[in-house]
Amino acid sequence: MSTETKQYTVSIYTENNIGLLNRISAIFQRRHMNIESLNTSPSEIEGVSRFTIVVNITESQMKKIQGQIEKQVEVIKAYYHTEDEIIYQESCIFKMRSNLLFDERQIQNIIKESNARIVTVNRDFFVIEKSGRKEEIDLLHRELSVFGIMQFTRSGRIAVTKDEMKISTMLTALQH
Amino acid sequence: MGSKNMKETQTIENQTKSSETTERISGSEAVIKCLLAEGVDILYGYPGGAIMPVYDELYKYQDKIHHVLSRHEQGAAHAAQGYARISGKVGVAIATSGPGATNLITGIADAQIDSTPLVCITGQVGSHLLGSDAFQETDIVGISTPVTKWNCQVTKASQIPEALAKAFYIARSGRPGPVLVDITKDAQFEEFDFKYEKCIGVRSYKPVPNTDENSLKCAAELINNAKKPLIVWGQGVILGKAEEEFKAVIEKAGIPSAWTILGASAIPTSHPLNVGMVGMHGNYAPNVLTNECDVLIAIGMRFDDRVTGNLESYAKQAKVIHFDIDPAEIDKNVKTDVAVLGNSKDSLKKLLPLLNTASHSEWHQKFKDLYAIEYEKVIKDDLHPTKEGLTMGEVLKEINLQTKGDAAIVSDVGQHQMIACRYAEFNKTKSNITSGGLGTMGFALPAAIGAKMAAPDREVVMIAGDGGYQMNIQELGTIFQQKTPVKIVVLNNEFLGMVRQWQQLFFDKRYASTEMVNPDFVAIAKGYHIEAQKVSERKDLKAAVKEMIDCEGPYFLEVRVEKEGNVFPMIPTGASVSDIRLE
């Protein structure tokens with residue numbers, strides 16, 4: 001199996017119980033693996049949570065991790081995908097000084113060209129929001145950083161797969 | 001994740017078996033009623049502030065449930081493990097919050113890596129104090145997460161029955177393991193309408209994976225075409241209660257079969273197809289021939305590094321078949337050609353009719369030839385020494401003789417453990433109780449207490465070194481109070497022998513902190529009113545072992561063995577199994 005490190009997006013369907021985040025992150029920590037990003041949210045199935053975790057590891061490591069995750073009692077199913085198998089988004093928020101909007105005219109162009117959106121403007125600051133792929137957000141960050149950013153934050157990746165995930169049919173089967 | 005508490009809706013997720021009656025009782029009484037409903041008649045523990053309401057109920061129910069007061073919570077955890085290992089039932093340990101709970105952790109970690117079913121119940125500070133750094137508060141759910149199969153915290157009495165039902169179900173089903181339920185003190189006091197529903201399933205948890213019939217056919221085909229097949233079996237055979245099915249398979253297919261430490265005793269030591277132990281201090285033949293077999297059949301074992309040595313040169317010539325209940329074990333360490341998922345009993349039962357009858361007599365001869373070499377170079381001197389100074393091996397030989405191989409041997413960790421596993425003769429399954437995966441020194445004495453209580457009709461002989469014995473020596477107090485007739489053998493070489501052996505072989509004899517100045521062990525045992533004696537000479541050994549076995553109560557026997565004896569064969573770290581050293 002390839003020893004090449006790749007970026008994997010792991011989707012984990014779980015019960016919504018206290019402590020499960022700890023249990024899942026410990027699986028990575030124990031093997032000295034860094035989590036690039038992590039998001040938890042409700043899923044398409046009522047009462048079932050979905051974790052989206054991004055890691056850079058080899059495929060053989062990824063398979064073992066998948067096994068260890070699925071072994072957890074409260075995990076229903078874990079999948080992993082490479083970038084070409086998913087549609088993903090990340091989002092970010094910038095807080096910047098309002099005077100820049102008037103003094104630095106190109107900021108408005110940057111916002112327009114990058115498909116970012118101004119969420120709010122007040123006397124002191126304005127807030128820009130952008131959702132997109134990692135590179136788009138990186139680019140926007142680079143372009144805005146020359147003007148001085150008061151605050152910046154970005155979310156973990158969220159992703160859906162191009163192919164069907166058979167989780168819903170599996171759950172229906174489990175309940176009968 | 002989330003802030004949602006253990007949900008009331010969980011009954012949807014957990015399939016339960018309902019009993020209709022309800023009664024209004026406290027959370028702590030509910031704990032006892034749950035334990036009784038799960039068939040628990042004995043539990044090991046230590047009281048303290050945050051668990052006192054449960055102990056108050058234990059007082060009221062003492063005719064139905066026997067609480068064994070350990071002398072340290074680690075002792076309680078290991079005793080529950082010993083109980084579980086010899087009986088196949090779930091062991092139960094109970095402790096208070098804070099240090100009481102953290103003291104259980106080594107036992108829990110041991111049970112996790114050795115797949116022992118354990119339910120640990122800990123008291124917790126009142127829910128209004130959680131997170132306030134209250135007296136004896138510790139985040140035991142957080143601490144125990146990486147070493148439990150499942151755990152949870154309960155803050156309402158009404159959650160207790162469901163949490164405990166789930167705990168027992170998870171601990172014993174599938175690949176067994178330890179679970180922990182942390183109960184806040186207010187939940188113990190709170191009254192509610194109690195009704196017990198046994199857990200019969202958890203939506204997100206599939207304890208036994210489906211067995212693919214095709215994988216069985218592929219496995220059978222490989223086995224039927226093999227010229228030099230070798231089986232390595234582990235504890236999965238014992239945990240799956242598959243001893244008979246296993247014996248039928250190896251006898252029909254005539255396959256030489258070797259065991260991991262935890263697999264020992266699944267079939268008798270004397271069985272002609274039993275070719276001994278694999279791994280670092282295992283037998284010569286099965287280690288060497290692992291790198292010569294054409295089909296390696298692993299059954300209920302997990303290719304631990306102490307078993308495989310260097311993976312780069314482990315059985316590379318062989319097709320590998322792996323039978324396991326845990327899908328995460330497949331391809332974890334050794335790439336398999338055929339994986340058969342499922343319970344060992346079912347898989348082996350289905351495999352049997354697919355196998356051809358075979359004998360492989362030439363292949364067997366190789367095992368005999370290599371055994372002869374090992375006998376000459378190692379075993380002869382271990383069991384029939386001619387030099388002065390008692391060997392650990394001859395003590396084991398004497399115990400075998402006088403117990404006729406019917407004893408359960410509970411060993412600690414180190415040189416004596418390897419000697420005990422190599423030389424103990426087992427007639428019955430579940431007879432080798434030792435800390436395999438975690439290698440927990442201090443395991444044996446408390447584990448022997450649990451084992452003896454679970455199997456009072458069996459002779460239970462604990463064997464420890466002078467180092468490990470002192471790690472939980474306080475449990476002599478438990479033996480004294482409970483009058484548990486455990487036979488305690490300490491093989492005293494005044495060294496941490498295994499570490500010393502490594503220092504001798506790999507660190508130019510720099511014996512850093514391995515020499516031990518020991519107390520008068522006989523006097524200590526006698527202080528607990530346990531009959532005791534010390535033997536230093538060969539001529540006294542037989543009579544001393546006889547006196548120990550004949551004694552109706554607990555008995556302590558110290559044997560002064562040679563100081564710098566080494567355990568061989570040995571696979572040095574990083575070496576291949578076939579490079580096993582005989583000297």
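This is a predicted model: local features need pLDDT of at least 70, side-chain atom pairs count only at pLDDT 80 or more; totals for chains, interfaces and linings use all residues.

Residues are numbered from 1 along each chain as its sequence is written, and chains are lettered from A and ligands numbered from 1 in the order in which they are written.

Chain A, then. Its secondary structure comes to six helices and nine strands, where helices (H or I, at least four residues) and strands (E, at least two) are DSSP runs numbered from the N terminus. Taken along the principal axes, the C-alpha atoms of chain A fill a box of roughly 60 × 40 × 30 Å. The domain assignment gives domain 1 (5-81) and domain 2 (87-154), with bounds that come from an automatic or database domain assignment, and the C-alpha centres of these two domains of chain A lie 31 Å apart.

Of the 176 residues in chain A, 28% are buried; I call a residue buried if 20 or more other C-beta atoms lie within 10 Å of its own, exposed if 12 or fewer, and partly exposed in between, with C-beta atoms placed from the backbone. As for contacts, meaning C-beta atoms, placed from the backbone, within 7 Å of each other, residues 24 or more positions apart account for 75% of those in chain A with a separation of 6 or more.

How many residues of chain B are in contact with chain A? There are 19 of them, and they are in contact with 21 residues of chain A. By class, the side of chain B that touches chain A has nine nonpolar, four polar and six charged residues, counting Ala, Val, Leu, Ile, Met, Phe, Trp, Tyr, Cys and Pro as nonpolar, Asp, Glu, Lys and Arg as charged, and the others, Gly among them, as polar.

Now to the interior. A nonpolar core here is a set of buried Ala, Val, Leu, Ile, Met, Phe, Trp, Tyr and Cys residues joined through C-beta atoms within 7 Å. The largest such core has 182 residues, and those with the most contacts inside it are B:Ala93 and B:Met462. Helix α8 (residues 160-172) of chain B contributes the largest share of this core, nine residues. A second, separate core of 20 residues includes A:Ile12, A:Ile57, A:Met62 and A:Ile65. If we leave out residues up to four places away in sequence, the residues that B:Ala93 touches include B:Leu43, B:Ala76, B:Leu104 and B:Cys120.

Helix α18 (residues 415-423) of chain B is largely enclosed by the rest of the structure, because nine of its nine residues are buried; B:His416 and B:Arg422 are among them.

Strand β15 (residues 319-324) of chain B is mostly covered as well, with six of its six residues buried. In a regular strand the side chains alternate between the two faces of the sheet. In β15(B) both faces are covered, with B:Lys319, B:Ile321 and B:Phe323 on one side and B:Val320, B:His322 and B:Asp324 on the other.

Which strands pair with β15(B)? Pairing requires that DSSP finds at least two bridges between two strands. Strand β14 (residues 295-299) of chain B pairs with β15(B) in the parallel sense over five bridges, and B:Ile299 stands opposite B:Phe323. Strand β16 (residues 338-341) of chain B also pairs with β15(B) in the parallel sense, over four bridges, and here B:Ile321 stands opposite B:Val338.

Finally, the backbone details. A:Asn115, in the loop between α4 (106-113) and β6 (117-121) of chain A, has a positive phi of about 60° although it is not a glycine, and A:Asn115 is exposed, with 11 other C-beta atoms within 10 Å. B:Ser513 has a positive phi of about 50° and is not a glycine either; B:Ser513 lies in the loop between α22 (497-506) and α23 (521-527) of chain B and is exposed, with 9 other C-beta atoms within 10 Å. A cis peptide bond, with omega about 0°, joins B:Phe568 and B:Pro569, and B:Pro569 lies in the segment after β22 (555-560) of chain B.

Definitions and conventions. Two residues are in contact if their C-beta atoms, placed from the backbone, lie within 7 Å.
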